[in-house]
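Please read them beside the model.

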Amino acid sequence: MDSNTNGKQVVSKQRVMDHGEVYTNPREVNAMLDLVKQETERIDSRFLEPACGTGNFLTEILRRKLNIVRSRYKKDQNAYERYALLAVSSLYGVEILQDNVLECRQRLFEIFAEEYKSLFKETAQADLYQSIQYVLEKNIIWGDALSLLTVDPDPKPIVFSEWSLVNGSMVKRRDFTYQELLSNESMKELPLFSDLGDEVLIPTPIKEYPLMHYLRIADV
Ligand SMILES: C[S@@+](CC[C@H](N)C(=O)[O-])C[C@H]1O[C@@H](n2cnc3c(N)ncnc32)[C@H](O)[C@@H]1O
């Protein structure tokens, strides 16, 4: 695996000075991910890489998750597709340089597409590629992880979409602002779940979507 698609850790001195753009090498990426190995192999475990560059951490996490999806579901295309989508949709990135954003999405897409094509050469579905592309456009965000705003002439709050599988083939999407997820309320270290009746963290979505089929996500 390369540090970026050109295998370099630095693109230019100027970019290092302007944006601190120095990529983590694969050995370090893997050593760090091994510290949370179980989570990297849990299909629906969510990861955010702020300042994601071209996605050195996200790509390795996706490889690990897709290995699990393949080992469990390679004989059941429908299940493989749903869980591969879930794996992709669990990965989030924010990056300030547009070329990096595009490269990150592309690297993730290709990891998925190569694996999917190799398993289901004759029966691969075009709609699934569209759903994956749509999710990557939403999850890998061209934004500033410090201001929590998109990079835009008219910057807007960064919004993350949560994707969950419901009733087999349906997907529930809910949108949250980055600001809300990092807000003082959210940072009280409250658990997301408790069986003991403790106070739990329940962030409020800014938007909820009707259930949609996993092959129809891009139709929204
Ligand atoms: C040190 S590199 C790390 C890239 C990647 N996470 C890795 O470990 O290989 C930092 C990245 O953060 C981006 N960056 C710098 N400031 C940022 C900001 N305020 N918001 C989002 N990304 C930023 C840079 O463009 C660069 O791609």
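**Notes on helix packing and a pocket**

1. The crossing of α5 and α7 is right-handed. A crossing is right-handed if the near helix is turned clockwise from the far one by less than a right angle, and left-handed if anticlockwise. Helices here are DSSP runs of H or I, at least four residues, and strands are runs of E, at least two, numbered from the N terminus.

2. The model is predicted: local features need pLDDT of at least 70, side-chain atom pairs count only at pLDDT 80 or more, and totals for chains, interfaces and linings use all residues. Residues are numbered from 1 along each chain as its sequence is written, and side-chain values use heavy atoms, with hydrogens and water left out.

3. α5 (residues 77–89) packs on α7 (residues 126–139) at about 15°, and the axes are 9 Å apart. Axes are lines fitted to C-alpha atoms, for helices over the stretch in contact; angles run from 0 to 180 degrees between N-to-C directions. α5 and α7 are therefore roughly parallel (angles under 35 degrees; over 145 is roughly antiparallel, 65 to 115 roughly perpendicular, the rest oblique).

4. In α5, Glu81, Leu85, Val88 and Ser89 meet residues of α7 that include Leu128, Ile132 and Leu136. Contact means heavy atoms within 4.5 Å. By class, the contact of α5 with α7 has 6 nonpolar, 3 polar and 1 charged residues. Ala, Val, Leu, Ile, Met, Phe, Trp, Tyr, Cys and Pro count as nonpolar, Asp, Glu, Lys and Arg as charged, and the others, Gly among them, as polar.

5. α6 (residues 98–119) also packs on α7, at about 155° with axes 10 Å apart. The two are therefore roughly antiparallel. Their crossing is right-handed. Phe109, Phe112 and Tyr116 are among the α6 residues in this contact, and Tyr129 is one of those in α7. The class count is 9 nonpolar, 1 polar and 3 charged.

6. The axes of α2 (residues 26–34) and α4 come within 10 Å and cross at roughly 60°. That makes α2 oblique to α4. The contact includes Val29, Met32 and Leu33 in α2, and Phe57, Ile61 and Arg64 in α4.

7. Which residues lie nearest the centre of the second largest pocket? They are His19, Ala51, Cys52, Gly53 and Glu95, out of 21 lining residues. A pocket is an open set of points on a 1 Å grid over the protein atoms alone, where a 1.4 Å probe fits, with protein on both sides within 12 Å along at least five of seven lines; lining residues have an atom within 4 Å of a point. The lining has 10 nonpolar, 7 polar and 4 charged residues.
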